[in-house]
Amino acid sequence: MPNRKLVTRRQALWLSLGTLTSIGAIATAKAGYESQQIESLDNSKRNFKVAAYTPLKKRAATKGIIYGAAIRRDLLQSNPKLAASFAQQCGILVPEWELKWNFLRPTPNRFDFTAGDWLAKFARTHGMLFRGHTLVWHEALPPWFKGVVNRQNAEKFLVEHIATVTKHYAGQVHSWDVVNEATKPGDKRSDGLRNSPWLKFLGPDYIELAFRVAAEKDPKALLVYNDTELEYDIPEHEATRSAILKLLERLKSRGTPIHAFGIQSHLWGHENRFNPKKLRKFLADVASLGLKILVTELDVRDKNLPKDLKLRDRVVAATYEDYLSVVLDEKAVIAVLTWGLSDRDSWISKYAPRSDGLAVRPLPFDSNLKPKLAWNAIARAFDRAPKR
Ligand code: XIL
């Protein structure tokens with residue numbers, strides 16, 4: 001029962017806080033308020049030792065797993081040290097921005113592949129795989145979208161977009177996030193689908209259509225349905241998990257060319273409503289449909305954790321290790337990507353900044369590209385993972 005043991009260890013981390021502080025301080029720490037009483041976790045029994053600093057991509061590869069990260073062209077171009085670390089650590093690259101609609105389509109009639117091509121070449125030059133993200137998403141639509149796309153022409157725009165982009169990169173892409181975040185139980189539809197512009201214009205079948213067009217133009221790529229906010233044992237995430245299962249079952253039963261599920265995995269360091277058994281069951285259910293699974297956007301928000309750097313890094317690392325240990329237990333999981341490599345460039349600094357103004361620390365490398373405990377945690381999870 002390795003998973004149960006892990007939860008116990010995570011709880012032990014918080015308990016060890018309790019031995020250093022009062023119960024009240026634990027509650028304060030969990031609620032995200034700074035407390036003078038919180039001390040570092042140096043005394044904690046838990047360690048994040050690794051035998052050697054073998055790069056993550058190699059450790060993962062030993063187990064038949066691909067490790068990589070999201071990155072942007074501007075970052076690689078302006079920071080040679082980052083480019084070197086990226087090439088050393090990553091076996092797969094996914095553009096954080098460059099293949100989204102708003103980047104690719106400056107005007108309704110023009111595609112600009114410059115930045116995406118640069119990243120594809122960087123990946124190729126350094127012997128990395130290349131991932132596509134994402135062909136259909138309700139966010140990251142260009143400013144012109146609203147005034148131009150409507151019920152009458154939506155299908156033409158969707159099909160033309162997917163066909164053009166997948167054809168352009170055909171043969172170069174390991175996997176495409178064909179549709180991203182199409183569920184939203186909060187929108188109160190009986191199928192749990194999000195009331196996105198695509199759904200409003202085309203109905204639920206836009207999802208199947210998207211996969212069919214992608215498969216036709218790039219038969220080699222693994223075609224992925226990618227989604228978010230489903231990792232925890234809370235009613236909203238439970239509802240998302242069942243909406244996703246329903247969607248995947250429907251797609252499979254109709255013979256849709258879908259090959260994998262992407263679990264984004266934007267985690268919270270303070271969140272303890274993590275239920276390994278339920279997540280494990282969900283992953284097994286997905287796998288039983290004949291689908292592979294990719295962890296596509298892993299990071300750990302430290303917004304609600306105390307200021308103390310050591311403590312914060314320990315909790316973030318524990319979150320990584322506990323989560324990955326559960327997820328990698330499922331052999332259908334073939335890849336793990338973090339959403340960035342270095343804290344300096346994480347989207348979390350804008351999306352979920354700390355209220356005390358301190359820099360966020362959600363990723364495996366710090367701002368100077370030094371590996372943190374989170375790096376050790378990921379390495380340890382790979383080292384312990386069963387072989388695929
Ligand atoms: C984010 C990027 O990291 C940000 O820089 C951008 O402004 C917004 O999008 N889920 C996804 C990713 O699928 O595309 C998002 O990326 C993060 C959440």
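## Basis

The model is predicted.

## H12 and H13

Helix H12 spans residues 235–253, and its axis comes within 10 Å of that of H13, with a crossing angle of roughly 10°. The angle is under 35 degrees, which makes H12 roughly parallel to H13.

On the H12 side, the contact is formed by Glu238, Arg241, Ile244, Leu245 and Leu248. Their partners in H13 are Lys278, Phe282, Asp285 and Val286. By class, this contact has five nonpolar residues, four charged residues and no polar ones.

## H13 and H14

H13 covers residues 276–288 and H14 covers residues 309–328. Their axes come within 9 Å and cross at roughly 40°, so the two helices are oblique to each other. The crossing is right-handed.

Pro276, Leu279, Arg280 and Leu283 of H13 are in contact with Tyr323, Val326 and Val327 of H14. Six of the residues in this contact are nonpolar and one is charged, while none is polar.

## H14 and H16

H14 also packs against helix H16, which runs over residues 373–384. The axes of H14 and H16 come within 8 Å and cross at roughly 20°; H14 is therefore roughly parallel to H16. The crossing of this pair is right-handed.

H14 contributes Asp313, Arg314, Val316, Ala317, Tyr320, Glu321, Leu324, Ser325 and Leu328 to the contact. H16 contributes Leu373, Ala374, Ala377, Ile378, Arg380, Ala381, Phe382 and Arg384. The class count is 11 nonpolar, one polar and five charged residues.

## Ligand surroundings

The residues around the ligand are Glu96, Trp97, Lys100, His133, Trp137, Asn180, Glu181, Gln264, His266, Glu297, Trp339 and Trp347.

For Trp97, the side-chain atom is 2.8 Å from an oxygen atom of the ligand. For His133, the side-chain atom is 2.7 Å from a ligand oxygen atom. For Gln264, the ligand atom is a nitrogen, and the distance to the side-chain N or O atom is 3.2 Å.

How values were computed: Residues numbered from 1 in each chain as written. Predicted model: local features only at pLDDT ≥ 70, side-chain atom pairs only at ≥ 80, totals over all residues. Heavy atoms only, no water. Axes fitted to C-alpha atoms, helices over the stretch in contact; angles between N-to-C directions. Helix = DSSP H or I, 4+ residues; strand = E, 2+ residues; numbered from the N terminus. Parallel < 35°, antiparallel > 145°, perpendicular 65-115°, else oblique. Left-handed = near helix turned anticlockwise from the far one by under 90°. Contact = heavy atoms within 4.5 Å. Nonpolar A, V, L, I, M, F, W, Y, C, P; charged D, E, K, R; others polar. Near = heavy atom within 4 Å. Polar contact = N/O pair within 3.5 Å; in protein donor to acceptor, adjacent residues only side chain to side chain.
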